[in-house]
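Here is a friendly walk through some of the labels used for this model. Each question asks where a label comes from.

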Amino acid sequence: MRTTGINTSNVTMTTRKRQSDRQLLAVIGYIFLMILAVFCIFPFLLILSSSLTEESKIIEDGFQLIPTAFSLEAYRILFEFPDQMMKAYGVTIAVTVLGTLLGLFMTAMTSYVLARKDFKWRNHFSFFFFFTTLFSGGLVPWYLLIVNYLDLKDTLLVLILPMLFNVFYIIVMKSFMSSIPEAITESAKIDGAGDFRIFLQLIIPLSKPALATIGLFIALGYWNDWYNALLFISNDNLMPLQYYLYKMLGNMDGIRRAMLGSGAVVTTSIPTESLKMAMTIVATGPILIAYPFIQRYFVQGLTIGAVKG
Amino acid sequence: MNRHGFWGEVVKHKTLLLMLTPAVLFFLLFAYIPMTGIVLAFKQFNYAGGVFGSPWNGLDNFRFFFDSGDAWRVTRNTALYNIAFIIVNNVLQIAAAILLFEVAGKWFRKITQTALFLPYFISWVVVGAIAYNLFNYDVGTINVFLRAVGMEPIDIYNTAAYWPLILVIISAWKAIGYGTIMYLAAITSIDTEMYEAAEIDGANVFQRIFKITIPNLYPTLIILILLAIGNIFRGDFGMFYNMVGNNGILFSTTDVIDTYVFRSLITSNEIGMSAAAGFYQSVLGFATIMLANWAVRKYDKDRALF
């Protein structure tokens with residue numbers, strides 16, 4: 001606390017007053033933030049607890065924050081017939097890896113060109129991309145294009161292609177690359193390096209922080225995508241994880257049949273409610289585990305985005 | 001631009017143009033070509049004729065969309081939800097950001113921020129599973145609680161009136177981390193000399209928040225709000241569809257333009273009307289975003305989108 005040398009009672013009184021204000025704010029702050037934090041975490045604990053509760057207890061007492069009767073039955077069943085789930089995992093991993101690598105490379109390449117100040121038409125092209133966020137033909141023409149004209153229904157490609165570019169990521173990446181001093185590329189140019197080599201060998205290594213951030217945003221988008229599957233996937237072998245979970249939440253009977261195969265065993269003993277919750281945990285697991293480590297890259301990304309508007 | 005200048009630029013930057021080609025093709029294919037498909041809004045679509053061969057039917061699709069009363073219902077819902085989201089989310093996010101900045105110790109801040117940001121990372125499908133866990137009539141947590149305290153359980157999935165509140169809370173829950181971090185970044189960039197000066201002048205911590213921190217957030221706030229207003233006719237399909245799905249009982253309070261367009265296309269296969277509703281949304285959206293951008297430009301030229 002800052003106090004001056006002049007020790008009048010007035011100063012000490014304001015100091016004391018200020019200290020009590022500070023304490024009041026601290027009390028309000030800690031309580032408010034703690035409630036918010038609990039509010040954000042609570043649903044995850046509910047799901048986890050429900051997935052670990054014995055089915056008969058759920059039917060009897062409902063979902064509880066603490067398992068009334070602990071049981072791993074839901075997970076046992078999930079991993080006893082893992083075919084569908086593993087397939088969905090495989091699809092999601094393939095789509096996420098391919099989509100992220102390709103999307104990140106393309107985004108970086110596009111952004112670099114737009115960041116080149118000597119490229120006369122960079123603003124025209126920027127607007128060409130940006131305009132698509134202002135106006136669109138709507139869902140119907142886009143859907144018909146993909147289904148009727150490109151014939152991409154029930155392909156792995158339809159889960160990757162529509163999300164390959166995102167104008168916002170191009171803008172953020174472009175503003176990052178614009179801040180790389182031109183002197184660095186100038187000297188390479190004098191040495192006779194072409195534009196593509198400059199991009200590959202100089203710009204990419206220098207853009208690592210932005211690449212990490214945008215790459216994680218792209219990966220999260222692919223991992224969490226269910227929309228493209230909802231529209232375009234009807235083949236069970238191509239269902240990504242989130243869409244599989246969506247189907248499972250809505251139609252347990254169908255999934256039950258799919259899990260047990262045609263030579264159905266005793267289907268009535270399957271714990272429907274806890275299984276839904278266990279499936280949710282399994283589908284979210286990798287994100288929850290990776291989250292503490294990757295969180296700061298997202299924060300970084302938001303901060304770049306916020307500053308550049 | 002003269003011919004020589006044009007070709008001169010092409011030759012000079014042929015590598016750059018080549019590097020730009022994938023993106024240009026992508027946006028041509030997935031954004032600009034579909035724009036020509038808006039003609040569907042004025043057609044009676046059949047698969048044999050396709051987008052351009054189907055017969056015209058004037059404004060019939062629009063007439064159907066507006067006369068049924070659907071247009072008004074989904075437009076009202078979309079706009080009202082977005083207004084509620086803008087107000088509630090921004091107030092909560094700013095409050096959380098200020099309090100994180102003012103009171104929290106390093107560790108508390110880190111842990112809280114991590115907790116608040118978590119919902120941002122999960123898919124809307126998982127949020128749907130959480131909603132099911134909370135709201136189910138027989139086994140849902142909320143009804144477990146109501147029964148435990150001796151109250152009647154409530155049938156949330158069959159009562160439209162609960163949903164505006166529920167959706168506002170869920171939207172706030174999902175967005176709080178993202179927004180709080182944005183505002184925290186803005187607060188952190190406020191010149192600390194201002195705080196020091198205020199302290200010397202004897203300002204208490206509340207005066208400091210209301211006289212310095214919040215006014216310094218206005219530029220960020222105004223831009224974010226204007227941009228959000230520009231998107232006021234775009235509903236968050238993922239949220240509405242995973243919370244409500246095709247549950248018609250709830251449509252009076254939960255149907256937004258995006259879910260309506262989706263259902264018309266996929267469920268009821270009314271392609272012409274779906275295209276008309278989509279076209280209506282695109283035009284409305286374009287107009288509001290132009291208006292919002294004009295407002296941003298008036299307020300602060302540098303922050304305008306274009």
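Q: What makes Asp151(A) count as exposed?

A: Exposed means over 50% relative accessible area, buried means under 20%, and partly exposed is in between (1.4 Å probe, protein chains only). Asp151(A) has 58% relative accessibility, so the residue counts as exposed. Keep in mind that this is a predicted model, where local features need pLDDT of at least 70, side-chain atom pairs count only at pLDDT 80 or more, and totals for chains, interfaces and linings use all residues. Residues are numbered from 1 along each chain as its sequence is written, chains are lettered from A and ligands numbered from 1 in the order in which they are written, and side-chain values use heavy atoms, without hydrogens and water.

Q: Why is Leu202(A) called partly exposed?

A: The relative accessible area of Leu202(A) is 26%, so this residue falls in the partly exposed class.

Q: How do you know which residues Leu202(A) touches?

A: Contact means heavy atoms within 4.5 Å. Not counting residues up to four places away in sequence, Leu202(A) touches Ile184(A), Thr185(A), Ala188(A) and Arg197(A). Thr185(A) is 17 residues from Leu202(A) in sequence, yet their C-alpha atoms are 7.4 Å apart.
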